Structure formats: structure tokens, C-alpha cells
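Subject: Structure handover

Hello,

Here is the structure I said I would pass on. Please open it first, then read the notes below.

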Amino acid sequence: MIYTCTLNPSVDYVVHVKEFDLGGLNRTSFDTKHPGGKGINVSRVLHRLGLESTALGYTGGFTGQYIKDILEHEGTKTAFVEVNEDTRINIKLKADEETEINGQGPTLTEGNLQALYQQFSSLEEGDFVVLAGSIPSSAPKDIYVTLTKLAREKGARVVVDTSGKDLLDIVKEGPFFIKPNHHELGELFDVSIQTAEEAVPYARKLMDMGAENVIVSMAGQGSLLVTKDNVYRANVPKGELKNSVGAGDSLVAGFLASYVKDGDFAKALQVGAATGSATAFSIELCTKDHMESLLPQIHVTGMDE
């Protein structure tokens, strides 16, 4: 079974206005809302690719119920821990410039934390669990370390997609793969990384620290996968960039969906690159048909270190 964990999900309210008048009355030309959160995005894309997953994390109030209703309507199982306060709302204002206003999220109690730990203690050997997104301010800073330990003790494989130097502590617990982008990878080691060639030795450092595999997304330069035995690179297909939100989450979902099916790293990177690009070329998360239409354009090659 695949599980995704989003500690601080949201309802993303996307508002389009033709001209934004600060301090005045503004009327939307178009608006939409949808469940937000990196792990939730992974679950939604996995379902579109034909794989079941169960979404874990925390939800509360009417906004939390909205997230559960949408996911279950789409066919994704949920097992969120219920909290007392409402799940946050994030506002994405799209005008001449894009502005974001993100909510803080509910306060987690010790009981909330223990309930999630208990869920992780019920994982089984062969399960995959995706830890993705930011950590709420009310949660312990090392909660991803704790969750990774619990999962690994049960024989589950852990995928981590988060940023910040806390990732250096998480990799010591042996995640199956982590997915920083090249900027995040550089920040871990206080360096600037501009090319795939520059990224490889730092990906190797993360593996020396404990990560089994490392995927680095390189924006317009594509993505690379560093494993124990090989380094693979995938190009970017042709298309119009419409939406960068969720592209990295879609890459994780596509990679995982393919790897679970075939166990082939190169093929998984190809599917992940196509899935991430399909989302980047869409207004919302990708569809399976769009992903498959991009696959012939994705070429995975080996890199000389």
C-alpha cells in the first residue's frame, strides 16, 4: 500500500482578477478552490495514474471535511487525524502579479501527534509512505525524523519531499528516496548549484549520509536520478509553462507509480519527468492521457560522473 502524509494541508482558493486595486473593491473574473498540500497532490496524481493510496495527516472543521469529501469523491482513501481547529485556507491571488496569502494552520495537540505515530506503527513491510510538505509550527521540528524511524522499523520505504536543513537529519534514517530541487540541494550545503553535473556530487553526499536514492529536479534542465549504481538524466519536453505548483509532487507520484509497477529506475524517471511536465503544462494537476502523450519526448540517458 502507498500512503501519503500531509501535516498541514489546505484549501487553496485561487482568485483571478483583471486589475487588482489595493484598498478598493475587486471582483473576480474567475475563481476556483481545491485541496492543497504536497502529499495530497501526490495522492491525487497517483489515483489519476491508476494506483490506490491512502492520505494521512491532519484535518479539521468544514475546510478539512471539504478536503476529505473531494479526495474520497475522486477515489482516494483518507485516514486523517481529526483536529479541533479548522484546516487552513490559502489564497492565491492572480492579477498582474501573483500574490499568495497562506494560513498558519491548526494547533496540534500531543494527542494528535500520538494518533499519527500510532498509524505509522501499523505500517507493514513493503508499504511506501510519502512525507511531503512543510511542518506546522505546533509540531516538533524533528517529526519527519520520528515518522521515518517508525516507518523504517516496520519495513516500509519512505519518500521525503521537503526543504530546509532538517532534511540532513532525515536522510540519516535511510529514506528510499528524497527529491530536492537544485536550489534546495544547494541550500543544504551552502553552495550554488546551476547544472546537473554540479548537482551529482552533492546528491552523492546525501546518499553517503543515508538516503538510498536522490532525485533532483532542475527546472528547465530536466531532472536527474542518482542511485547506488547509476546516474540518470531526463530532459524536459516541449510545452507551455502554465502552472509550476504541484509539478514536483507530480514527478514524485509518477516516479513512484512506475517504480512500484516495474522496479525500473530509468523507466520510473521517464514517467516521473512526463508526469511533472504534464502538470506544469496544465492549469491544474495532470491527467494520465497528457502524461502519456509526453512520454515519447522524454529521453533518459546515463551521465558520466
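Start with how the chain is connected. Among contacts between residues at least 6 apart in sequence, 64% join residues at least 24 apart. One caution before going further: this is a predicted model.

**The chain as a whole**

The chain has 305 residues, and 51% of them are buried. It is built from 10 helices and 15 strands. Its radius of gyration is 19 Å, which agrees with the value near 19 Å for a compact globule of 305 residues. Along the principal axes, the C-alpha atoms fill a box of roughly 55 × 45 × 40 Å.

The accessible surface comes to about 14000 Å². Carbon and sulfur atoms account for 48% of that surface. As for charge, there are 28 positive and 42 negative side chains. The centres of the two sets lie 2 Å apart.

How many disulfides does the structure hold? The count is 0. Cys-5 is buried, at a relative accessible area of 0%. Cys-286 is buried too, at 1%.

**Helix α1**

Helix α1 covers residues 38-48 and is mostly covered, with 8 of its 11 residues buried. Which residues of α1 are buried? They are Gly-39, Ile-40, Asn-41, Val-42, Ser-43, Arg-44, Val-45 and Leu-46. An α-helix has 3.6 residues a turn, so residues three or four places apart point the same way. Just after α1 comes Gly-50, with a positive phi of about 95 degrees.

**Val-130 in strand β9**

Val-130 sits in strand β9, residues 128-132. Its relative accessibility is 0%, so it counts as buried. Leaving aside neighbours within four places in sequence, Val-130 is in contact with Tyr-3, Thr-4, Cys-5, Val-42, Val-159, Val-252 and Leu-256. Two of those names have come up already: Cys-5 is one of the buried cysteines, and Val-42 is among the buried residues of α1. Leu-256 is 126 residues from Val-130 in sequence. In space, the two C-alpha atoms are 9.6 Å apart.

**Val-14 in strand β2**

Val-14 belongs to strand β2, residues 10-16. Is Val-14 buried or exposed? At 9% relative accessibility it is buried, because the cut-off for buried is under 20%. Beyond its neighbours within four places in sequence, Val-14 has contacts with Phe-30, Asp-31, Thr-32, His-34, Lys-92 and Lys-94. Gly-103 is 89 residues away from Val-14 in sequence and 14 Å away in space, C-alpha to C-alpha.

**Loops to look at**

Thr-87 is in the loop between β6 (81-82) and β7 (88-94). With neighbours within four places in sequence left aside, Thr-87 is in contact with Pro-9, Ser-10, Tyr-58, Thr-59, Gly-60, Thr-63, Gly-64, Ile-67 and Pro-106.

Gly-210 is in the loop between α7 and β12. At 25% relative accessibility, Gly-210 counts as partly exposed. What does Gly-210 touch, leaving aside neighbours within four places in sequence? Its contacts are Val-171, Gly-174 and Pro-175. Glu-97 is 113 residues from Gly-210 in sequence, and their C-alpha atoms are 41 Å apart.

**Two positive phi values outside glycine**

Asp-190 has a phi near 55 degrees, a positive value in a residue other than glycine. You will find Asp-190 in the loop between α6 (182-189) and α7 (196-209). It counts as exposed, at 62% relative accessibility.

Ala-219 also has a positive phi, about 55 degrees, although it is not a glycine. Its loop runs between β12 (213-217) and β13 (223-226). At 58% relative accessibility, Ala-219 counts as exposed.

Those are the places I would visit on a first look through the model.

Best wishes

Key: Residues numbered from 1 in each chain as written. Predicted model: local features only at pLDDT ≥ 70, side-chain atom pairs only at ≥ 80, totals over all residues. Heavy atoms only, no water. Disulfide = S-S within 2.5 Å. Buried < 20%, exposed > 50% of the residue type's maximum accessible area, 1.4 Å probe, protein only. Helix = DSSP H or I, 4+ residues; strand = E, 2+ residues; numbered from the N terminus. Rg over C-alpha atoms; globule rule 2.2 N^0.38 Å. Contact = heavy atoms within 4.5 Å. Areas by Shrake-Rupley, 256 points an atom, 1.4 Å probe, with all protein chains shown as cover. Lys, Arg positive; Asp, Glu negative; His and termini not counted. Charge placed at Lys NZ, Arg CZ, Asp CG, Glu CD.
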